[in-house]
Amino acid sequence: MLEQLSYKEKDAFLQHLHTAAVLTYLGVLLLLPLIIAHPLYLMGILFAGILAIYVSGAVEESMPFLVMGIWLALAVMVVNPLLVQNGSTVLLYGPDLPLVGRLRITLEAICYGAAMGMRLLCIIIAFALYNAVVHPDKMTGLFSRFAWKSSLVVSLATRMIPATARDLSSAKEVQQMRGVDFSSGSFRERLKKYSWLLEVLLLSSLEGSTATAEAMQARGFGSGRRSCYNRELARPRDYLCCAGSVLALVLAIYARVKGYADFTFYPELGALAGGSGLVWLGVIMLCLLFPLILGWGCRHWPYLRSRI
Amino acid sequence: MALLEIQDLIYHYPGGAKPALNNINLQIREGEFLLVAGGSGSGKSSLARLLAGLIPEFYGGRLQGKLLFQGNELRGEQRHTLNTHVGIVFQDPEKQLVMTSVEAEIAFGLENMGLPREEMFRRVSEVMTFLNLAHLKKEFTAQLSGGEKQKVALAAVIAMHPRVLVLDEPTSQLDPVAAGEFLDLAEYLNKEMGYTVVLIEQRLERCFHLADRLLVMEQGEIKCDGSPGETARWEVEHQLPFIPPVAKFFASLNSSLIPLTVRDGRRELQKYLSPAPFIENSRESQTIPENGRASLLEVKNVWYTYPGGREVIRGQSLSVKEGEFVVILGANAAGKSTLLKLLAGILKPDRGSVHICGQDTRQLSLNELGRYVGYLSQNPNDYLFQDSVEDELLFTLNNFHLPDNGISESVLKKLKLWELRQANPRDLSSGERQRVALGSVLVAGPRLLLLDEPTRGIDYRLKAELGFLLQKTAASGGTVVMVTHDVEFAAEYSRRVVMIFDGMVACDGPRKKLGESIFYAPQMARLFQGSGRDVLTVDEGLEQIGGVL
């Protein structure tokens, strides 16, 4: 999997947005689940994230993230009621456990665990989407004006991932043909065998880094003041997407402050859907889905595409 | 006035007792195409680094003498200025790229020069259009083919508008098609765009005719500097191998004209040919007794598809007997390396079977197969991590629980590594590293030796050593199967060739089949095509001509 980078050109709307616009959108997708714990809101954000992955044609690339996220979410859901004794609706009494005391599974702790799992999944999806729609060079280009050294390090590291994965696979094959059996022996012995592979990779990487440094120097790196080749153009669609994303964030903060997006888990579960809470959710979702709606519009209406 | 001039230059790498460049005096004229040949460690790459201003700035060390650009000392020049004088493309397409996308890679040097954005955009656009890279501009550099990577590296250098292009073995890691395309570009840049080109190369048959001048380097010194024809004569006199077959052939005949291409060679050959009786090729007439030789490798109707869905091997069958030396040829992505991995048991066939010494590879683990099969991958560095050369060999023996019994000493001596047995493998040259990797495989006494592109990036002399070694291995009962793009090597040393096209065997027969091939015919076969003579190598050509003179 690592032999291919996650980003693949899919001609998706989000991929063609200005990097600042798409980063704003992803930033909002990341911040919203941190601000709000209301299960319906979290479901909405999760829906928006999954929809964004789907319309960007990145389901296959994001699948490892999604699978990992679902397992983590389930783990949080299971572990939370085992460790948290709060909540008034007891579903099950268990045996006495050291440190925890008597096991007491409550409905509230299960629901809280589920909400936290969903929150985690939303965050993982935001990162999966980042991998699928942000070209690494666009990212480094955006930041290279004020942090070009860090941007360059990121770029070099990104390039190294597929090359190192290829080298690792090749080195492992070679060592196996030389009689190294990676599946046999104690844990310590196997660890030692894998450390040989790391040695091979480390030595080759060090040699490779000298060659790269030489090539960089030959092209004038570090010889004086640099300029920045970033020719990304901002279109109306970028401003519209930024506006939609920022509005979603502002509205979510407002709803949180005013209590429309609050949900009580302990000691008893609060009401899931109140009238004004749902209205706020609808408006925030509309803002959050706005870039995706624009993308759909651009795909189907050439006129809209030409205007924005 | 020369564009570039080196005067009385001596250079030592840090800690180096011997000079890497010794007493160099050289003038390079504007618009010249200079070809530099020589063995590994002869100082060719050091010369390239010197011209590109990387010696001593990047490497340090001691330097005496002068390097002048249009009469002005180049040393101490600002890197920005230097980039407009000399640009360099390196050997390894992977390691010289920095950015993740093609467009950003081309712009990288321009950013370092501090050019305004409009100027950078103009140059990047022009270069991408000129080199036909526009369709790749958003592609990840890591996922380009070797040829595309080298083209991007060249584009990145051209964008900086240097007057001299130094190309340090740019085709050594490429397949023949990509290498040919790259050299065509170098020729165009020289002939049509007026660039001064300094090309350092090991595989001279493709670029010999491009050169105005040829330098031969040995032990850090320029041993010969002249036209390709003059240099070819000098090399034959001094028994140096750094000339392509056709030039070597005519220089050996002491011809008044040394043709640089097959076309010119055919004209010249007419002087030497007469309707004399055909002499049977002495090498083809040496038949190997078939009786008693057991089949060591049996491939039956093998199919293989990669997990991504790409079907690479399609119904291949192959039988290899003990003592055979088989070369597998084919274009890029034809399935050669995949087939070799199937033979080694690294990949298991989806359908069909591979039997080695009568055992199905699907039933054996890799380390069990390692007792029968030695596998040398494309990159010798994958093998090297021990502190000494000797330890690398002992590592393999220990893994297979084999006693040493003097086998490591014998292998080290056979591979001319005995003197280097205590050296760290990573301190050795690329040719020596490859021999260490080969030694670490041979020490287990495999009955089948599989090699993936072992001649890539090594010089003629090392190739000859490898060729003789593999012939000796086959003669002593070992079986050798080798994947290569190097048809000259196949013609010189193998006994049987298998050509693969699109995952299927297109041709399987004795080495003389190479002479019948259109694309894979070695230079000498193309030279003698239509003459009714069965010639694949210089020696065979001389034998034929010797017979009619």
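## The contact between the chains

In this predicted model, 46 residues of chain A and 56 residues of chain B take part in the contact between the two chains. On the side of chain A that touches chain B, the helices α6 (136-177) and α7 (187-218) of chain A each supply at least two residues. The largest share of that side, 15 residues, is provided by α6(A). Sorted by class, the side of chain A that touches chain B holds 19 nonpolar, 15 polar and 12 charged residues.

## Domains

Chain A is divided into domain 1 (13-136 + 236-307) and domain 2 (146-218). Their C-alpha centres lie 36 Å apart.

Chain B is divided into domain 1 (4-243), domain 2 (289-372 + 448-458 + 469-511) and domain 3 (375-445). Between the C-alpha centres of domain 1 and domain 3 of chain B there are 33 Å.

## A sheet in chain B

Strands of a sheet pair through backbone hydrogen bonds, in either a parallel or an antiparallel sense. Chain B contains an open sheet of six strands with mixed pairing, in the order β16-β17-β18-β13-β19-β20. The edges are formed by β16 (373-376) and β20 (504-510) of chain B; each has a single partner strand, so one side of each is left without a neighbour in the sheet. On average, neighbouring strands of this sheet are turned by 15° against each other, direction ignored.

At one end of this order, β19 (residues 496-501) and β20 of chain B pair in the antiparallel sense over six bridges. B:I500 has B:V505 in β20(B) as its bridge partner.

## A helix across the strands

Helix α16 (residues 460-475) of chain B lies across β13 (325-330), β17 (448-452) and β18 (479-483) of chain B. Helix α16(B) runs at about 145° to β18(B).

How values were computed. Residues are numbered from 1 along each chain as its sequence is written. Chains are lettered from A and ligands numbered from 1 in the order in which they are written. This is a predicted model: local features need pLDDT of at least 70, side-chain atom pairs count only at pLDDT 80 or more; totals for chains, interfaces and linings use all residues. Domain bounds come from an automatic or database domain assignment. Two residues are in contact if their C-beta atoms, placed from the backbone, lie within 7 Å. Helices (H or I, at least four residues) and strands (E, at least two) are DSSP runs, numbered from the N terminus. Ala, Val, Leu, Ile, Met, Phe, Trp, Tyr, Cys and Pro count as nonpolar, Asp, Glu, Lys and Arg as charged, and the others, Gly among them, as polar. Two strands pair if DSSP finds at least two bridges between them. Axes are lines fitted to C-alpha atoms, for helices over the stretch in contact, and angles run from 0 to 180 degrees between N-to-C directions.
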